[in-house]
Structure formats: structure tokens, C-alpha cells
Amino acid sequence: MGEFEVHRVRFFGLVPAGVRCLACQPRGARLALARTDGAVEVYNFAANYFQEKIIPGNEARSVEALCWAAGDRLFGAGLGGEIAEYDLSRLCVAHSVDGGGGPIWSMAANSSGTQLAIGCEDGSVKLFQVVPGGIQFERNMDRRTGRILCLSWHPSDTHIAAGSIDALRVFNVSSGQTVQRIMVNYHVHKVKRECIVWSIAFLSSGTVVTSDSFGRVQFWDWERGTLQESHTVSTSAVLSLSVSEKEDSIIVGTSTGATYQFQLLPVKTGSLEKRWVRTKPFQYHTHDVRAVAHSSTALISGGLDAQLVIRPLMEKMQKKGYDAALRKFTFPHRRLVSCARKARLLLFQFSQHLELWRLGSTDETGKDGEVLPLCRMPEHLVQLKSKGPEHIYCSCVSPCGSWVAYSTASRFHLYRVQYKGDSVSVKKVPKVPKLLLPAYQLQFSADSGRLFIASARGSVHVLQLLEPGGCKHLHMFRPPSGCPDAVYLLAVSADGHWLAAVGGDWAIHIYNLKCFKHHCTVPTYNCAVTALAIHPITNNLVIAYSDQQLFEFSIPEKQYTAWSRMVQNSGLHKAWLERDSPITHITFNPKNPSHILLHDIYMFCVLDKSLPLPDNSALLMNQSTLKQLPETARQRQLHAFKICKKFQPLLFADLLDDNCLVMVERPIMDFKTQLPLPIQQKKFGT
Amino acid sequence: MYSVATEETLRVMGGHADLVTGIQLNPHNHMQLYSSSLDGTIKLWDFMDGIPIKTFTVGSKLLALYALGSSEDSVFVVIPKSGERDTFQLVSVKLTKAAGQDLEAKEVSVVLDRVDASPKYIAFGREGEYVASVKEVNLQVYFFKQKQLNRFSLSAVKTKSGNNQFTCIACHPTEDCIATGHADGKIRVWRNFYHKKEYTYSTLHWHHDTVMDLAFSMEGTSLLSGGVESVLVLWHNQSDCQKDFLPRLGSPIEYISMACDGTLCCTLHTDNSADVKTGLVVDPRTKALVLNGEPGHLQFYCLQSDQQLFSLDIVQRQYIHQAGLNQADLVKVAFSAQGKWLATVEEREEVTDPELQLKLWFYDEETQSFKLNTRINTPHEDQITDMCFRDMDELEDDSLILVTTGRDCVFKVWVMVEDTDPEAQQSVSWSCDFVGSYHNYQATNCCFSEDGSLLAVSFEETVTVWDSVTWDLKCTFCHPPGKIRNICFGRLTCSKYLIGASDDGFLCCWNLLSCALEWSAHLNVLVLQPDPLSEHIAAVSWLSKESSLFVFKPNEPRPIYIQRNLCREKIQLAAFVPRDEPETIGSEKYLWLRRSQLFFLTDTQELMTLSTKSLQERLTPASKQLAVEESLPVTPFSLLLGKHRRQQSQEDIDLGKLFVRNKREQDSPAVKELLHTPAHVLPSASFLCPIFINSLLISKENKSAEEVADEVEMESEKTEDDSDEERDVTEMEQEDTSPLELLGETTCKLSKSQEKELRKIRKMDYSWISAF
């Protein structure tokens, strides 16, 4: 696969925020996720669980509950006491309404999506009407003291069940009265301890399912107020609960990191009597599982260890394939690192600051696998702190290293960085032109003369960078047919001729930068684009889709290349298609035009177009076996995919020059040590 | 058959010609039961009366039997598949209702193929709706009504944390629910298994090793499981968090069965035939045999009633089952004469430093059990090799002395002292009084004389005799080069003799009054056991792959009783157990068995005894007993005893033969004279020699003389010495002497084992010639 000198970068101290809540779009194919830092992400089931949209968080706005209403409108509520509606095309908060009951702990939409109920700190349950362009307060429910931690609507929208401390209550929606109050106490040797109902679900049969801080999952008959079944699943709290749409399966998440599935199974063959049975236990998380969701084909859980785990239900799968893979997402599906190739700098993006590092260097050479001693240590040059509560959307450093740009929800910043010996000076570029904010992606041209800013409604701005520290708005591209969604990926050709932009509708538009004209649109493909890049020599656009397909599109000829057609005809290797994480970055080796370098979280791959594609019988990851083969046999075994799994989890990989790679890793254990301690558990044999 | 209320065996039914492989109550008549056997028959019994009602012959080997309430006239059996080795199938057998005792049952239909042979691997579900069978990592469920077969398999990969091999299966009595046990200790509860795809299971995990058996309660609300941990686990509602334990059941659980009313549960354990390290010791109080029982326990086993009287926890530590973990175990036990004190030694084998504990127990009359009095940590630096109390029946407690010998080259004397600590609950405790050693040799054995005045301690090759009052070294005996293996004092009339056995194959008898060797015999003695009630001493020898028993009195070097070919195994231990009442014994040969009975324990953990009763006499009552014990695997030694008794009867036959042969041998008057006259009254060897040789010459034609006791010749010490000195000369001169040549020819025909004997004869020859 070629020999490279590798900078193994482990100083990117990213700590992903824990998962706070999850919401599956009803009958839809999307999952909304909120993190503890207030960021909201949208995953698309149809696009193989690709992280489609990210709305960065805001220090002033935490998200405690998310729900979908009125089709595809997403609402979030948090301890700030406000209900916010998210604009999923502009990826920001559209508007927010104060709940009027203090911090909001829970929110639920009714089955038709016309009403929202919120549970507040002061013990009130308030109803809001979802109207076009916003929400309107409708009425208060009967108020009692004790915060409402969880809410659930009856599928017929007539009743609401609310879980509080030591009790659960059922409200009649039309009258607003409490119609049932059930105490869920827990007595140990006559000592009463506080029992927190963490999560609740109202089934259409009239059964209320609660999960509480004593590790119990209980099934209540709300009309009689009696306990039907009680399952103790854990010694610690059961924090979250989610019911499938068919109401035959429940997933619960506990504070020990374990999740359990309950299934409604017939007691005997053919008999009508059914009972809830705890079936599958899973232990994927190390910390609290704060949120669970039940899609029609998968159990989804998110924990404070920042992991989103999607466990497909095998019995719902038709065949083993890409859908049946267990997925664990910890890191975002987008670039947080940018690299100044010439200046050998790395820019790391954190939620509220940027770090600029100079790579270390060595003057020694060694054999394969050898660790070379550094003659100059990597150096932390600059830390740029973003002011205000808003989190950073995107950032970029120019290839020459002298320009750094980043954007938040409301502001765009451009900095001129100057290096004088060992000292670094950062100067803010004044008077940046007014742009359609926020920017979703930033990209400098290869000669560092221009900056491309991906913006809302499919537009891309082109800024001319001026020495010694100024800029000028040159042009704004817009797709000819128009596009409601924001552009989220950009690619510039090395000769500065072409620009490719992908919007939220997954259409790839190619613009000519010489005459500022829309050049063409790549034939649409029904999957999300996860990465794209333009070849520096041939000007071919290489596109990776979330279903792991790879395309090569010749920009000058406005058509797919012969190699791309050949790939589509013969099909990619099965093992390649069954990988569970998307390609996040593509780059090229100018010395070797037939090589495409691409990577995802778990592997780095050199794709050699000159070699034959592997067929399904061949081993995809064959690098280690190839090494042991004699030269002649090796030639026969060679195929196009040369995969290296040494660097994991790989956040970023780029080629600095002909034989020098930079790999940015973030070992899971490094950031796990920065998380709070998990619940102590006795393990047998330790 | 056992009564639940009284724990007694009620009835034993026999009639199968081979191993009984399955028993099932007749679901249509709860007073009847079916049994199957490897002999290919199914028998229907009326178990209250013990009468076989019907016998159905199936033909092939039956490995397991199941009876169902829903199938009126057929039972299910597992038979080997014809034509293929090690594959088995479950078939249903139609039991015809025809009259008559012996019926053919040839109507066989295959239900499941490729099942496992063990009965634990198949279970019938709710009202016989389905049958589930497991093999390796596959579960197959067959629904009778739908005629549908579902197969489920788990991943066969054995990881560090998981091994999915099925080990047992149980079906819920009322619901469609199957519980399976796995080799890694997990229990999976399967549901929804009538869907090929949407089946589901939950996992219960407590056992850390293989789940041996599972059983549902009658209502199905709880599940019982057991395994090598010897803990019975009760799972409520198949929930992982609600479980109860019944720990310390003694030994790994093999089978679990629930009673119909759900109030009782029966567990069957693996045989607890522990490695007997302590030796066979007889409790003077109960006359029970005391030996290792459960790990860390002493079991008191009553030989007469074939029952375990009780089990005494000595180690008093939780037994943790884990591979590779060294457990503290009992290695030595000794009782004082009256059974008032018990001394135990436990050790834990560690490579670096063995953990040793000596415990002294006092018999508490009130609680009728032993109570721990003193615990001594590390009584010796190294392993304790032997231990004995001063056996003085008539003396009071204060003279009670315990002696221990250790590998650390010392023996220690422990005495009781008044406890000075006012807070202590007991008035006496034990402490060390004297430490003795001899030339820094390892102490191997110790023994008190009958009156308690002398203590003999063996140090490798030397036996030292100590005064038990002053602890002075009185005298030493040695018989180089052999190291002393056993020593014991004579009793009653023979109390002036000390017997020692060495590992180079000599049995020596020293006279304590003259401090000289009285006699010695060439005998590879493994076990030397004095009878506490008579002067007899039993010695068990091991030669050419068979054990032989010799019983003698120390005062004469001629054995009273010889039993060759006692058994094929090495005998490790022996014990005399006093009889309740002296038995009337007609034969003079067995007179020594009058007051006590001799028991042996062999290498293979078989316990044997010698009996005087004739074969016929023994067999009549024993045949009944034998059967009891075969179906009685719970009590520890019953199986062993059962086996042994059968063997015993064979031995009795052998005994008869041997007896006859011996008679013939002794027809030669010379040999008879030689062997029967005490050594000290015999004329000099030179005088005896021609007669002896003549007898041998005759024996060449007769052949029987060859059988002359090959290792039993007991020569006087002088002869022995003579021969030693003059061996060289013999060899020099042997060519000239014509009688010797003649002898040489004879020798050729003699077996190699007798060469030694012949050499001796040659020496005698020489002396005889010299006398001329």
C-alpha cells in the first residue's frame, strides 16, 4: 500500500458530550439526539444512520427533552424553561417560547402531533398547541408539587401519564383533572426511601409502564390503580424507557450501562394470554444510559459515555447486510480537524474554542513499524476562544497556515496568523462582509487566496483574501433550481478551477470558479454524501455515499468515469459494504494519481484504481496476509483496497506531502478517563 | 425407592440384566412406574409391592426413558441409531396392551434424530405439546401437533467469557418456555420458539461453571439450577435479580427433581469419594470408621449399618469451587483411646509455604459432638507425617499426650495444660511440651507402647525409643539400608516387641527387653496394622502386582494367616474395627478375626473387608443388600461397598482354592517342620539344610513345592547374617561342588522370583559342606 511517514497525533483532547435524549420521528426515518452540551443531531435511518444534521449547542440552552410534532418539526425543551423549535434546513433555533413553569424536565407530543405537553419543575403540566410558525399555550393541567420528570400521552390523546417523585399521575386532557394517582413507593425495613419515576410510557391497552430509581420496570393498570407486573432488572436506577410502535417490545436503559428488552409474548402457542418477558440484555455502555429509542427495526440507546448504539433486531431483518450491523457512534460524522499541508499545522475544533498545533518533526528514517524519535516536539501555538454562549459550527485553516476562519450561529470570524520565529501573532480581520449566517463548512483554496463558505439555502460565498489582512466578497453561488437546505460539504480543485458543494438534499453542484458559473449537477443518488474531493490532476470528483458506495465523476466531461462505471458494474466487496461507519474524508496522492486515500473512524484505506477490485470470495483486509506471501504470490493476491486498521478511532487523516501522512486519533480510553466514574459493580472473579 | 419422610430405603427392585437408564412414573397410574435399561427392555412395576407387571422388549439399547401423560400407550426412549456410531435418536415406542408378562414392543417411530444420549438433554414441554432436545450448540424443538421442527443454534465459538455448549434442558410445565443450561454457567430462557425467526431468549447468569441440571417448579414460577458450586439456585419468575440460594450442599449437583406438590426438591450429587488422606481411623466411641468426607470435613461412617453417622466440619472455611485453587484439606486424624479427644491436621498445599494447622477437639457429652479446644498454627515447619495419642485406657486425662512427627526433622510432644486465661471458656488447652530430634533425620512415624511408657519414633532408617516420662532416648534400632515405613508395638502378651517395616522390603521385630533383633522377614510391607484387642498384627505386602495379607503375632515369626492375591490394587490403608460382640469362628485360621474385623482401602478407593463366612452364607443375605446399594448412590461408600461385596464373594472362592493348594504344599513334612517350628527352637541351619534340599528335590516332580511361600520364609536372624557374610565364598566355590550343579539345573526351572531363595539355599549348602 506504499510506505508513509506517519504523524500519529494523539493530542486532540476532544471529549464528546454525553447523550441526553433521543426522539424517533413517528413513522419516520429520522432520529433526533440531544447531547448534554445542548447540541442536537439528526440521524437518517434511510441513509444508513448517517449523521445528517448537527445543530451545535448553546451554553445558555440545555436540552432535556426532544420531540417531533406535526410531521417533521422538531421541538426541544430544557432547564432554561424555554421550548425551542429547530429549523432543520438552516440548522439553528427557529424560535423559542417560554414555558412559564420553571425548568422543563419533560416534553411529549400527542400522537397526531398537534399538541405538546411539558412537565415542569413546579409540578405543572402545560399543554401547547402546535400552530404553523410556532406554538401557543393552551391550558394548564391540575398542578401538584413535585417536578414532573416524564410524560406520556395515551395513543388516543385523551389522557396523559406523568411520572414524578414517589408517584405517577394520570390526567384527563379535556378536563385537565387528575384522574388517577398511584404511589410507587419502595419500603425497605419500614424505611421509606424516595423513589423517582424516571420514565413512563402509556400503552393503548391502558397499561402504564414506569421505570424507577430502584431498578424496577412496573406495569400498572391506570384505571384501577393496581400493579400488574413488576420486573426488577437492575440494582441501580432504570433511567429510560421506550416502547415500539406496535407496543410489543420495550427497551429500558439503566444507570449501569446495561439495556434490556422486554417483549410481549404469548404464554402458550395460539393462546391470547400474553405477558411481558424480559428477554435480551445488552451491555454496550459504561455509563448511564440516559436515553433509549425503539425504531421499527432497531433498539437505540445513548449514554453519558457519548455513545449512540444502534442494535438492529435480527428477527426483523430480512437478510444479513449493512442494516444488520451493530453501530456504535461516538464521534461526529464530520470533520473537526483541518490541516495546513504546507505549514504542517493542525487546527482542532472544540465546542467553544480552537487549537492550532504545529506538528513535530524528525530527521531520522526507519523501517516499517518503527517509532522515530522526534527532534522537535509538537507545539501548541494558539488557542482561539469563541466569545458568547454559542458553540462553533465549523472552522478551517488555510494550506499556508496564515489564515484561520470559524463560524458560530451568529458570527463569522477570520484571523490572520503570522509566524515570526517562535512567536505567533493572531490578528482578527476587520470588516468581514455580511453573510447569510451561520456558515456550515469553510474551505480555503489550495493557494490560500480564496475562502469558500457554505451557507444556508444551498448558497456558497467566495471571499478573496487580501494581504496583509483583509478580504473581499467576490461572489455567491446558488444552485439554479434553488435548494432549501444548507450546504454541508465543499470540495475545491487544486488548480482552483472547480468547486463542488453538497446541500441537505444531497445534490452535488459543481461551479466553475473562473467564470463564476454553475457548471453541472452530479446525477442524484438516493443516499447522503459523506465525503467528496476533487482529484488534483484529473479533476475527477470522488464521492463517498453513506451506503459505502464510491463514485468518480469527471467534472470536465460531466459524466461518471469509466472506472466508476466498472465499480458499479462489478459491485464493491461485501465486507466493504457492510462496514458500519461512513467515510469522512477523501484525499489524493499527487505522486500516484491512481491512488485515492480515504478513511472512516475505524480504518484508513488506500484505493488503487490500477488494481483489480476484489471479489466477494477474496479477503478484503489482506494486508497482513500479503506481508507473509512471497513476491509472486503477492502479485496475484493484490487488489484495489489496501486497508490499515492500526489507527483507531481515526478522526482525521491527510497527506502532507508525497510520503508523509498525518493521522489524528482519539483513543476511547483517553476520554473515558475524563468522564465521571461509572457505578461501581462487583464483577465475579475480580 | 426411598421414603421422603424417613430418609430410609423402602424397597429395592431388581430384574434388569444391565444398567437401569431411566425411571418414570406411569402418568396414568401413579402407583406404577416404568424403567428402562441397557438390556433393551422396559419394565412396568407396581412399586408399592415391588412386583414387575410387564416387560416390553424393544431390542436395542435404551439410553433414556420419558413417559408422557398425553400419549396414552407409548413411551419415548433414546436408542442408538443403527449403522452409525455415537448418534442417537429419540423414538416413541408403542406399548401394546396385550395380556401376558413378557411382550414385544416393536412398533417404533422416530421422533427426533441426532439427539444426545444423556437424559438431561431432552425435555418434553407443556402437556406433551412439544419435545426439545439439545446437542452441542443446537436446540431443536419438535411440535407434535403441527409436526413442525424448529432448529436454533448458538455461536459455537468458545471465547474467554462464553461457551455456548448446552448442558441441560428443562421445559416450563404450563407455558411455552424452555430453559437451557450452558457450559459457561449461563441459563437461557427461550420463548416464542414456534417462530423460526422471532424466537427470543433471556439469559440468567449466576453459575461460574457448567450448569449441571435445571428444573422448573410445578407451577413454573421458579426455576432451580445446580452445578459444581454445590449451590442450589432458585430463580423467581425467571428474573435475574430475584434469586435464592441453598449453599454448601457438599458436592456438585448432578440432578434436580421436583416433587408434584412443589414442596420438596431432590438433588442428586456426584459421588463424593474423596481422596482419603487421613487414613482409616476407628472412632472408639461409635466404632465408626472415620475418614475424609466432603472437602474439609470428617465423616463418621458406620460400617454395620452402612450409613454416614455424621460429618464434622474441621476446616471450617467456605469451600470455594475453582479450578486450580488449593483447598485446605484434612490429612491426619487421631483419636484418644476413649474417643474423648480428637486431633486433626489440615494443610493447604502451597508451593512456597504449606499452611498447616493442628486442631484438638474435645467430645462434648451434652451436644454429643466434638468441640474445638485448641488450634495450633504451624505446629511443624513442614508436613506432619504421623500423629498418635498415648493410648492409656485406665489413666486419667492429665496423662494424655499427643505426639506429632514432622518432615522438619523433629517430633513434638503436646500436653494439656490448665488454661491461665480467665476469659477463656475452657479449662484446659494444649501446648508443646517437648521437641525431640535425632541426627537431623526426618521423623516419619511414631507409636506408643501399650502401657504408654515408651514412645517409638522412626527417623528415616532408625527407630528410636524414648521414655515417655523423662523424654530420654532409651535405645535405637536400625535396619539399614531401608527407611522405616511403619512401626508398631506389640500388644498384650507381645508387648515387649516392636515391629517395624522398611521400604527395602523387610519386616523386623525387635525385642525391647534385650534391645536386639528378634527376627526379620523379607516382606515388602505397605501397611502394618495392629489389632487393638488382640496381639495380632496385620501386614499387607505388595509384590508383583498383587497385594497379600499376612497376619502374625510378634512373638513368633510364623504367620497365623496368609491370604495371597488379596486384590490387584495396592492397598493403601487398613483398619481393625472392633466387633460389637465376638463372633464365633469355627476355623482356627480365622481365629484372629474373632474380636475385630479388618478393613482395607485400596488405591482405587475401594473399601474391602475379610469375612469368615462361606460363600453361600454370605450370598444369600447379601444379594438383597447388594441391590440396595446399587441404587443408592447418595451415601458415600455404598457403591464401593456394593462393588466390594461382589468382589468379596469371588475372593472367597479364590480363598478356597488357595487353601487347598497350601494343604498340598505342606504335605512335605520337612517343609512343614521348617515352617511351623518357631525359629528359636529350630536346630541350626546346617542341620536343616539337607532335609530342606531333599524336600525341594522331590518337589521337582511334585511341582507343588515350588509354591512354597516365596516371600514368607522366616529365617532366624543368625542364618541371615551367615549368608550375608559368606555370599562371596559361595559364588567362588559353587563350580566344584556337584550337588550345586545339580541344584543349578533345578534353578533353571525355577522362576526368577525365587532366585533369592535359592541363593540362600546355596549358602546353607556351603555350611553343610564345610561341616563335613
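Q: Into which domains is chain A divided?
A: The model is predicted, so local features need pLDDT of at least 70 and side-chain atom pairs count only at pLDDT 80 or more, while totals for chains, interfaces and linings use all residues. Residues are numbered from 1 along each chain as its sequence is written, chains are lettered from A and ligands numbered from 1 in the order in which they are written, and side-chain values use heavy atoms, with hydrogens and water left out. The domain bounds come from an automatic or database domain assignment. For chain A this gives domain 1 (19-308), domain 2 (332-361 + 378-477) and domain 3 (490-672).

Q: How many residues does each side give to the contact of domain 2 and domain 3 of chain A?
A: The C-alpha centres of these two domains of chain A lie 25 Å apart. Counting contact as heavy atoms within 4.5 Å, domain 2 of chain A gives 24 residues and domain 3 of chain A gives 22 residues.

Q: Which residues of domain 2 of chain A lose the most area to domain 3 of chain A?
A: Buried area is the accessible area (1.4 Å probe) that two parts lose on being put together, summed over both. Between these two domains of chain A that area is about 2000 Å², and carbon and sulfur atoms give 72% of it. On the side of domain 2 of chain A, three residues that together make up 29% of what that side buries lose the most: A:R341, A:R344 and A:F477.

Q: How large is the area buried between chain B and chain A?
A: The contact takes 20 residues from each of chain B and chain A. Carbon and sulfur atoms give 51% of the buried area, which comes to about 1700 Å².

Q: How do the residues of chain B that touch chain A divide by class?
A: Across this interface there are five residue pairs in polar contact, both at pLDDT 80 or more. Strand β17 (residues 200-205) of chain B gives the most to this side, with five residues. Ala, Val, Leu, Ile, Met, Phe, Trp, Tyr, Cys and Pro count as nonpolar, Asp, Glu, Lys and Arg as charged, and the others, Gly among them, as polar. By that scheme, the side of chain B has four nonpolar, nine polar and seven charged residues.

Q: Is B:E175 buried or exposed?
A: The rule finds one salt bridge across the interface of chain B and chain A, and B:E175 meets A:R275 in a salt bridge (2.4 Å, N to O). B:E175 also meets B:R191 at 3.3 Å, N to O, which links distant parts of chain B, 16 residues apart. Buried means under 20% relative accessible area, exposed over 50%, and partly exposed in between (1.4 Å probe, protein chains only). Because its relative accessible area is 6%, B:E175 is buried.

Q: How far apart in sequence are the parts that A:R579 and A:D600 tie together?
A: The side chains of A:R579 and A:D600 meet in a salt bridge of 2.3 Å, N to O. A:R579 lies in the loop between α2 (574-577) and β52 (585-588) of chain A and A:D600 in the loop between β53 (595-599) and β54 (604-608) of chain A, so the parts they tie together are apart by 21 residues.

Q: What is the relative accessibility of A:R224?
A: A:R224 and A:D221 meet in a salt bridge (2.4 Å, N to O). A:D221 is buried, with a relative accessible area of 11%. A:R224 counts as exposed, because its relative accessibility is 64%.

Q: What share of the residues of chain B count as buried?
A: The secondary structure of chain B comes to seven helices and 50 strands. Of its 772 residues, the buried share is 51%.

Definitions and conventions:
Salt bridge = Lys/Arg side-chain N within 4 Å of Asp/Glu carboxyl O. Polar contact = N/O pair within 3.5 Å; in protein donor to acceptor, adjacent residues only side chain to side chain. Helix = DSSP H or I, 4+ residues; strand = E, 2+ residues; numbered from the N terminus.
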